[in-house]
Structure formats: C-alpha cells, structure tokens
Amino acid sequence: MMNPSQLNLVQRPRRLRRTDALRRMIQETQLTANDLIYPLFVMEGENQKVEVSSMPGSYRFTLDLLLKEVAEAYELGIPAIALFPMVAEEKKDNAGTESYNPEGLVQRVVRAIKQDIPEVMIVTDVALDPFSSKGHDGIVSDAGEILNDETVEVLVQQAVSQAEAGTDIVAPSDMMDGRIGAIRDGLDEAGFTQVGILAYSAKYASAYYGPFRDALESAPKFGDKKTYQMDPANAREALKEVALDVEEGADMVMVKPALAYLDIIQLIKSVTDVPVAAYNVSGEYAMIKAAGQKGWIDEKKVMLETLTSMKRAGADVILTYFAKEVALILR
Ligand code: PBG
C-alpha cells in the first residue's frame with residue numbers, strides 16, 4: 001500500500017535537481033570565456049586610466065595601459081577585444097574624416113596590439129559617431145538628414161584603413177543601408193579578403209546606450225538616431241536586416257542591445273546559419289553595477305545569470321564590459 005501522503009507521480013523533475021553533480025551533468029547552457037568579446041575604450045595620452053562615471057569598473061585607457069588590459073584579458077581566455085576611441089573635439093568634422101586617418105588613434109592602437117599580442121582577435125567599430133562633430137553615425141545634410149550613400153563611402157574608407165592597420169574583424173555599427181556589401185567589396189578590392197565582417201544587423205534606437213555615449217562624449221548634438229537605428233517595437237524588421245546583411249557578405253550578425261531583446265536573439269538564431277552575437281550594452285552593465293553597489297542585488301550572480309540568458313536565447317558570442325570579471329570567475 002502506498003503511503004497516503006505520497007502522490008502517485010511517474011515524472012518528478014526534481015529528481016534531476018537533487019545534487020550538484022547531477023545538475024552539472026544535465027546543464028543545457030554553458031557560458032565560457034571563449035564566448036566573450038571585451039569592448040574597450042581608448043584615449044590619447046600616457047599612463048592614464050579614467051573610470052567612466054556611469055560605468056563603475058570600466059575605464060578609458062591610454063594605449064600603454066590598454067596593452068596591459070588586453071594582455072590580461074587574453075590570458076584569462078578571452079579571444080577578442082572590441083575597440084572604441086575617444087576622439088578630441090578638434091579632430092571631429094561632419095564627414096568623420098579622422099576615422100580613416102592612417103595615423104588615427106584606432107589605427108595606431110591596432111598596430112600596437114598586433115605587435116604586442118598578435119594572437120588576440122581585434123574587432124574595430126565602423127561608424128562615424130566618435131569622429132562626427134554632430135555626434136551622428138553618418139554625414140548630416142544642411143537639412144539635418146543623415147545621408148546614407150555618402151556615409152557608406154566614408155565607412156568603406158574607414159574599414160579599409162582599419163584593415164591596413166591589421167584589424168581582424170570590422171564591425172559596422174552605423175545602420176546605413178548597403179554598407180555591408182560596400183565594405184565587403186572595398187576590403188576585397190584592397191586585398192583584405194580574410195578580414196571578417198561582424199554586422200550590427202539588428203541595432204535598436206535604445207536608451208541603453210547612454211553610459212557608452214558618456215564614455216566617449218559621443219552623444220548626438222541634435223535629434224536622435226531613430227532614422228537609422230531600429231524601432232524597439234519591431235521584430236520582423238530584424239529578420240529583414242539580417243537577411244540583407246548576410247546576403248551582402250556579413251560573416252556574423254549582431255543583436256544590440258541584448259537583455260531587452262532576448263526574443264530577437266532567439267528569432268534570428270532560428271533563421272540564420274551564421275554565428276549570432278549579442279551586445280550586453282553599457283546601460284545593461286550600469287544597471288547591474290548600480291544595484292550591486294547599493295547592495296540591492298548580488299552583482300556577480302546577476303551578471304552570470306544575465307549573460308547565461310543571452311547564451312540560452314541563442315547568442316554564440318557576447319560583447320560585454322563584464323568580460324574580465326566573468327572570465328576570472330569561470331577560470
Ligand atoms: C556607435 C555605437 C554605440 C554603441 C556601440 N557603437 C552607441 C550608439 O549607437 O549611439 C553602444 C554600446 C554600448 O552602449 O555599450 N556606433
């Protein structure tokens with residue numbers, strides 16, 4: 001006779017959660033340092049690192065200190081870094097011409113990293129905003145419009161100049177139409193057939209980028225980015241952007257931001273066979289740091305849970321300012 005207080009259950013899912021060993025054995029998603037790209041802010045000067053006020057624990061580095069940071073990250077098993085430059089106001093203009101200066105900050109930093117730590121993969125951002133006197137990702141017309149085709153010409157020059165410096169992967173984050181195909185052609189014509197393209201395909205007009213714009217002083221000087229970045233309400237449009245980018249030659253596609261767009265990551269993963277990247281952006285980082293500092297959440301656990309959710313949703317690669325912290329824990 002069955003004990004009357006015992007339910008007659010064939011399936012008891014808790015059986016598989018009984019011990020740590022059992023839980024580890026059936027775990028479906030594993031986050032590893034190999035999945036990470038570490039975004040880094042770089043500035044002119046020597047022997048300085050300045051904490052970004054809205055991103056505690058994240059810094060803008062001068063080249064000498066950046067090299068140490070990159071070496072440490074690579075030692076921890078992080079395969080790639082992504083570079084974002086802080087450009088002096090007097091070097092900015094409407095067409096972002098500093099972006100393809102062979103002696104520009106990004107170009108010098110790429111050469112230095114390749115000399116020092118040649119194994120690490122370098123991802124360079126292709127967009128005009130850090131170089132634009134208007135703080136936009138494209139050239140602004142007199143009427144205040146963002147000019148698409150004129151901008152794409154500059155983006156191609158920027159990408160080729162980064163390739164000449166030795167970058168491994170260019171990552172267009174500007175959302176101009178047709179830029180992936182134009183950049184692929186430009187790179188190939190210049191002989192850089194092995195330089196890859198990580199396309200920011202589904203990049204939304206998001207308020208989560210605020211702290212990043214603080215870090216680089218790159219906020220738009222007027223208006224917003226809604227005529228080129230996507231409406232947060234749209235999912236099917238992301239499929240269109242991904243299809244175009246892959247057709248035009250993207251090696252990998254990205255969803256950005258990540259946390260409020262897990263559904264988009266999953267959707268894109270289900271329709272494409274190229275690797276999918278997710279950008280755990282500055283505002284997502286800032287929220288976890290701020291609540292952690294107040295003692296309102298367990299920062300490390302929330303960080304791991306958040307990044308695991310992105311991987312579970314389908315991200316093959318995650319860009320995150322937490323990269324070093326995570327790699328240290330996972331080691
Ligand atoms: C600009 C660019 C942005 C980010 C990466 N590249 C900001 C923007 O589009 O305004 C944001 C990254 C982050 O918030 O962490 N092309």
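Biologist: In which helix does Phe212 lie, and is Phe212 buried or exposed?

Modeller: In this predicted model, local features need pLDDT of at least 70, side-chain atom pairs count only at pLDDT 80 or more, and totals for chains, interfaces and linings use all residues. Residues are numbered from 1 along each chain as its sequence is written, and side-chain values use heavy atoms, with hydrogens and water left out. Phe212 belongs to helix H6, residues 210-216, where helices (H or I, at least four residues) and strands (E, at least two) are DSSP runs numbered from the N terminus. Because buried means under 20% relative accessible area, exposed over 50% and partly exposed in between (1.4 Å probe, protein chains only), Phe212 with its 13% relative accessibility counts as buried.

Biologist: What separates the C-alpha atoms of Phe212 and Phe84?

Modeller: Along the chain, Phe212 and Phe84 are 128 residues apart.

Biologist: Where is Met175 placed, and what is its relative accessibility?

Modeller: Met175 has its place in the loop between strand S8 (169-172) and helix H5 (179-189). Although Met175 is not a glycine, it has a positive phi of about 70°. Met175 counts as buried because its relative accessibility is 4%.

Biologist: What is omega for the cis peptide bond that joins Lys256 and Pro257?

Modeller: Pro257 lies in the loop between strand S10 (252-256) and helix H8 (262-271). The bond that joins Lys256 and Pro257 is a cis peptide bond, and its omega is about -10°.

Biologist: Which residues come nearest to the ligand?

Modeller: A residue is near a molecule if one of its heavy atoms lies within 4 Å of it. Of the 18 residues around the ligand, those that come nearest are Ser173, Lys225, Lys256, Ser282 and Tyr321.

Biologist: How far is an oxygen atom of the ligand from an N or O atom in the side chain of Tyr321?

Modeller: A polar contact is a pair of N or O atoms within 3.5 Å. A polar side-chain atom of Lys203 lies 2.7 Å from an oxygen atom of the ligand, and for a polar side-chain atom of Ser282 the distance to a ligand oxygen is 2.7 Å. For Tyr321, the distance is 2.6 Å.

Technical notes:
A polar contact is a pair of N or O atoms within 3.5 Å; within protein, one must be able to donate a hydrogen and the other to accept it, and residues adjacent in sequence count only if both atoms are side-chain atoms.
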